[in-house]
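User: I would like to go through this model with you. Could we begin with how far it can be trusted and then turn to the fold?

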Amino acid sequence: DADAARFPARYYKVAPPPILINKTTRTAGGLMQIDLRETSAPWRAYEGLRAVVEVSGDLTAWTPLTSGVIKNGRIEFSDADADGIPTRFYRIRASQ
């Protein structure tokens with residue numbers, strides 16, 4: 001930072017690392033689980049992170065579906081519309 005000498009304190013906002021998904025499964029009770037474990041990134045870094053699950057049918061237009069906290073390397077959620085749609089994509093992003 002070239003201007004650092006002129007200021008007694010500097011503050012920087014650090015973005016969380018991208019969240020990598022290992023697998024998505026549907027439980028017998030109808031809950032969806034996104035598992036972050038065993039990816040190339042250390043999933044423990046996401047533990048306790050508040051995240052938004054987004055859904056898409058074409059990988060272009062994304063809609064927020066729900067939000068939650070990552071616990072034990074996974075996030076669980078319901079997707080009531082999943083049964084009637086042949087192709088469904090999910091992604092996770094950190095929320096504020």
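**Confidence and fold**

Analyst: The mean pLDDT of the protein chain is 81, and 86% of its residues reach 70 or more. Please bear in mind that this is a predicted model.

User: Where is confidence lowest, and where is it highest?

Analyst: Confidence is lowest in strand S1 (residues 23-26), with a mean of 83. It is highest in strand S4 (residues 63-69), at 92.

User: And what about low values in general?

Analyst: Where pLDDT is low, the predicted coordinates should not be read in detail.

User: How many helices and strands are there?

Analyst: The protein chain has zero helices and six strands. Read from the N terminus, its elements follow the order β-β-β-β-β-β.

User: In what order do S1, S2 and S5 sit in their sheet?

Analyst: These three strands form an open sheet in the order S1-S2-S5, and the pairing is antiparallel. S1 and S5 are the edge strands, each pairing on one side only. From one strand to the next, the twist averages 20°.

User: How many bridges join S2 to S5?

Analyst: Four bridges join strand S2 (residues 32-35) to S5, and the two run antiparallel. Within this pairing, Gln33 stands opposite Glu76 in S5, while the bridge partner of Ile34 in S5 is Ile75.

User: Which residues of S5 lie on its covered face, and which on the uncovered one?

Analyst: In strand S5 (residues 74-77), Ile75 and Phe77 make up the covered face. Arg74 and Glu76 make up the uncovered face.

User: What joins S3 to S6?

Analyst: Six bridges join strand S3 (residues 50-56) to S6, and these strands run antiparallel.

User: Changing topic: what share of the residues is buried?

Analyst: Buried residues make up 26% of the 96 residues in the protein chain. The accessible surface comes to about 6,700 Å², of which 52% belongs to carbon and sulfur atoms.

User: And what share of the contacts comes from residues 24 or more positions apart?

Analyst: Among contacts with a separation of 6 or more, such residues account for 53% in the protein chain.

Note on methods. Residues are numbered from 1 along each chain as its sequence is written. This is a predicted model: local features need pLDDT of at least 70, side-chain atom pairs count only at pLDDT 80 or more; totals for chains, interfaces and linings use all residues. Side-chain values use heavy atoms; hydrogens and water are left out. Buried means under 20% relative accessible area, exposed over 50%, partly exposed in between (1.4 Å probe, protein chains only). Two strands pair if DSSP finds at least two bridges between them. pLDDT is the predictor's confidence in each residue, from 0 to 100. Axes are lines fitted to C-alpha atoms, for helices over the stretch in contact, and angles run from 0 to 180 degrees between N-to-C directions. Contact means heavy atoms within 4.5 Å. Accessible areas come from the Shrake-Rupley method with a 1.4 Å probe; for residues, only the protein chains shown count as cover.
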